[in-house]
Amino acid sequence: MKKIVIIIVFLCSIPKINAQDVYSDAITAASYAYSHSKKAHGANNVYHTQEYADKAIEAFEKVETLSDQCNCTEANETAYQARVDMESSLEQDTYERSRFFAKRAKELGAKVLEQLTTCQAVAGNYSEDTAEESDLADATQEVADKQKELEEKRRQLEIEQQKLEQQIAEQNRMKAEFEARRAEELKQQSEVKLKAEQALDKLQNALQELSVVLNNKSEFGVPADYVRSEKELKNESLDDTKNFYVNRAKELTKTAMQQFASFNDIEN
């Protein structure tokens, strides 16, 4: 009876041993696939990249088979995608393109190792192989480093976004200040325009009247081009507007002086 119990216990332990062997073999194959992927990505020319890519493809195919046997579906799907990327790496004719697909396969290789380890932990089987643990540690560390790098990039993007928002806010503030100053200046220009044109009109009428008094046969000929539109003011500064009316006043008085001088010549 004791012998029968021992035999039954032994037979019951066989599935667990076989399952552990499948996981161990799958993780070993995944480790080789990851290792070859790293070498393919780190190679310095397309020939070496594709040489290691070919070895990685073979290892990923083995991972697909073994992960299917131990029902680790996620690892099976990831290994398939990694193999497809490595096959794409072999099909490229340039170093950059070949290395691009090798890099993607390498990242998936690290993910396969994590997924197989998780499946093994759930099933209660743990690998003791030192080489596998070393590659798994490398893959885990690489994932952690990648996450840290992404977090740092996200933080930098937030800083740049804040700077950009501050610059936009400053530009909007300066624009608002400029528009306010320009509106005030246009208001002053309009006031100058109104008063200057009224004054010039009075001056022209006074000179005309004086011209008739001094010589009733003479008409005081002056240009009447000092009347302007509001639109014209928008294209110049307040100083420009003042200078315009100053020049028109000078022209008006110059014309008057010339005409009054001719009156003296006639009398003489």
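In which helix does Leu 210 lie? I looked it up and found Leu 210 in helix α5.

**Entry 1: ground rules**

I am working from a predicted model, where local features need pLDDT of at least 70, side-chain atom pairs count only at pLDDT 80 or more, and totals for chains, interfaces and linings use all residues. Residues are numbered from 1 along each chain as its sequence is written, and side-chain values use heavy atoms, with hydrogens and water left out.

**Entry 2: overall layout**

I counted the secondary structure and got seven helices and zero strands. Helices (H or I, at least four residues) and strands (E, at least two) are DSSP runs, numbered from the N terminus. The pattern along the sequence reads α-α-α-α-α-α-α.

I then checked burial: 31% of the 268 residues are buried. Buried means under 20% relative accessible area, exposed means over 50%, and partly exposed is in between (1.4 Å probe, protein chains only).

For contacts I took heavy atoms within 4.5 Å. Among contacts between residues at least 6 apart in sequence, 73% join residues at least 24 apart.

**Entry 3: the nonpolar cores**

I used this rule for a nonpolar core: a set of buried Ala, Val, Leu, Ile, Met, Phe, Trp, Tyr and Cys residues joined through side-chain atoms within 4.5 Å. The largest such core has 30 residues, and those touching the most other members are Ala 30, Phe 60, Val 63, Met 86, Val 112, Leu 113 and Leu 116. At least two core residues come from each of α1 (2–42), α2 (46–69), α3 (73–91) and α4 (95–123). The most come from α1, which gives nine residues.

I picked Val 112 and listed its contacts, leaving aside neighbours within four places in sequence: Ala 30, Val 63, Ala 75, Thr 78 and Ala 79. I also noted a second, separate core of nine residues, with Tyr 226, Tyr 245, Leu 252 and Phe 260 among them.

I found His 36 in helix α1. Is His 36 buried or exposed? His 36 counts as buried because its relative accessibility is 17%. Leaving aside neighbours within four places in sequence, I list Tyr 52, Lys 55 and Ala 56 as contacts of His 36.

Asn 71 is in the loop between α2 and α3. I noted its phi, which is near 60 degrees, a positive value in a residue other than glycine. Most residues other than glycine have a negative phi. Asn 71 is at 65% relative accessibility, so I class Asn 71 as exposed.

**Entry 4: aromatic pairs**

My rule here was that rings of Phe, Tyr and Trp (its six-membered ring) pair if their centres lie within 6.5 Å; planes under 30 degrees apart count as stacked, over 60 as edge-to-face and the rest as tilted. How many aromatic pairs does this rule give? I count two aromatic pairs.

Phe 100 and Phe 101 are an edge-to-face pair, at 5.2 Å centre to centre with 80 degrees between the planes. Phe 100 is partly exposed at 39% relative accessibility, whereas Phe 101 is buried at 10%.

Phe 244 and Tyr 245 are also edge-to-face, at 5.1 Å centre to centre with 85 degrees between the planes. I have Phe 244 as buried at 15% relative accessibility and Tyr 245 as buried at 5%.

The ring of Phe 244 also has the charged end of Arg 228 over it, 4.1 Å from its centre. A charge sits over a ring if NZ of Lys or CZ of Arg is within 6 Å of the ring centre and within 35 degrees of the ring normal.

I returned to Leu 210, which is partly exposed with a relative accessible area of 38%. Leu 210 and Phe 260 are 50 residues apart along the chain, and their C-alpha atoms are separated by 9.4 Å.

I looked up Asp 239 as well and found it in helix α7 (residues 238–267). Asp 239 is exposed, with a relative accessible area of 51%. Asp 239 and Gln 189 are 50 residues apart in sequence, and I have them 8.7 Å apart in space, C-alpha to C-alpha.
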